[in-house]
Amino acid sequence: MPDTIDFLKTRRSVKPREMSGPGPSPAELDTILTVGSRVPDHGKLAPWRFIVFEGDARARAGEVIAGVFAQRNPQAPAADVELEKRRLMDAPLVIAVVSFTRPHPKVPEWEQQLSAGASAMNIVTAATALGYGANWLTGWFAFDRDVLDGLGLKADEKIAGFIHIGTPSKPNEDRPRPALSDIVTRF
């Protein structure tokens, strides 16, 4: 499978501001979400779910984000509030990976959270394999309880990441990666 290995060795994130339309078709989105659900999941708990933001839903989510920002920062200039409104507007599609844990005698919370992270990475990988740019981001609003409530999350749910997906508007450059000699030890 050298093509798969080459693909994984060269995968790069694309900045949302460097994405445009089109985004994935409905069939491609189903493929991306299916791949996102095929991750290690000790105990078959499925400790994650997905929220799809496309079209006007991105702007509605931006209103939630900007409203909380304005409430927390009453002296903020209008330009800053407008920036918050546009948080999910650059890419034509954003998928929130929602993480939650369930009590289980053999599966600790940490493993369940890692499963949600694996889901986010699979979504990034699937979108990239389909030829789209993808980027896994969070930001202050991913950790703000009022924003999470406004987006419809339950009290025990968190955002593992917002995956921005779209067509790259320019060639993507790689960033420096760590040398294996700096990150690998042998026991």
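**Pockets, core and helix**

Reply: In this predicted model, 14 residues line the largest pocket, and S13, K15, N172, E173 and R175 are the ones nearest its centre. The volume of the largest pocket is about 300 Å³.

Me: What makes a residue count as part of the lining of the largest pocket?

Reply: A lining residue has an atom within 4 Å of a pocket point. The largest pocket has 14 such residues. By class, nine are charged, three polar and two nonpolar.

Me: Which residues lie closest to the centre of the second largest pocket, and what classes make up its lining?

Reply: The second largest pocket holds about 250 Å³ of space. P16, R87, D90, L137 and H164 are closest to its centre, out of 13 lining residues. Five of the lining residues are nonpolar, five charged and three polar.

Me: Why is T128 called buried?

Reply: T128 has a relative accessibility of 16%. Buried means under 20%, so T128 counts as buried. T128 is found in helix α5, and its contacts, leaving aside neighbours within four places in sequence, are F7, R11 and A134.

Me: Which other residues of α5 are buried along with T128?

Reply: The buried residues of α5 include Q112, S115, A116, G117, S119, A120, I123, V124, T125, A126 and A127.

Me: How do you know that the span of α5 is close to the expected one?

Reply: The expected span is 1.5 Å times one less than the number of residues. For α5, with 21 residues, this gives 30 Å, and the helix reaches 30 Å from its first C-alpha to its last. The span of α5 is therefore close to the expected value. After α5 comes G131, with a positive phi near 95°.

Me: What makes a set of residues a nonpolar core, and which members of the largest one touch the most others?

Reply: The members must be buried residues of the nonpolar types, joined through side-chain atoms within 4.5 Å. The largest nonpolar core has 18 residues, and I32, I95, V97, I123, I163 and I165 touch the most other members. Two or more residues come from each of α2 (26-36), β3 (93-99), α5 (109-129) and β5 (158-168). With six residues, α5 gives the most to this core.

Me: Which residues does I95 touch?

Reply: Not counting residues up to four places away in sequence, I95 touches L29, I32, L33, F50, I51, I123, G161, F162, I163 and I165. Another core, of 17 residues, lies apart from the largest one and has L88, V94, I159 and F162 among its members.

Note on methods:
Residues are numbered from 1 along each chain as its sequence is written. This is a predicted model: local features need pLDDT of at least 70, side-chain atom pairs count only at pLDDT 80 or more; totals for chains, interfaces and linings use all residues. Side-chain values use heavy atoms; hydrogens and water are left out. Buried means under 20% relative accessible area, exposed over 50%, partly exposed in between (1.4 Å probe, protein chains only). Helices (H or I, at least four residues) and strands (E, at least two) are DSSP runs, numbered from the N terminus. Contact means heavy atoms within 4.5 Å. On a 1 Å grid over the protein atoms alone, a cavity is a set of points where a 1.4 Å probe fits but cannot get out, and a pocket is an open set with protein on both sides within 12 Å along at least five of seven lines; lining residues have an atom within 4 Å of a point. Grid points are joined across faces, edges and corners, and a volume is the space filled by probe spheres set on the points. Ala, Val, Leu, Ile, Met, Phe, Trp, Tyr, Cys and Pro count as nonpolar, Asp, Glu, Lys and Arg as charged, and the others, Gly among them, as polar.
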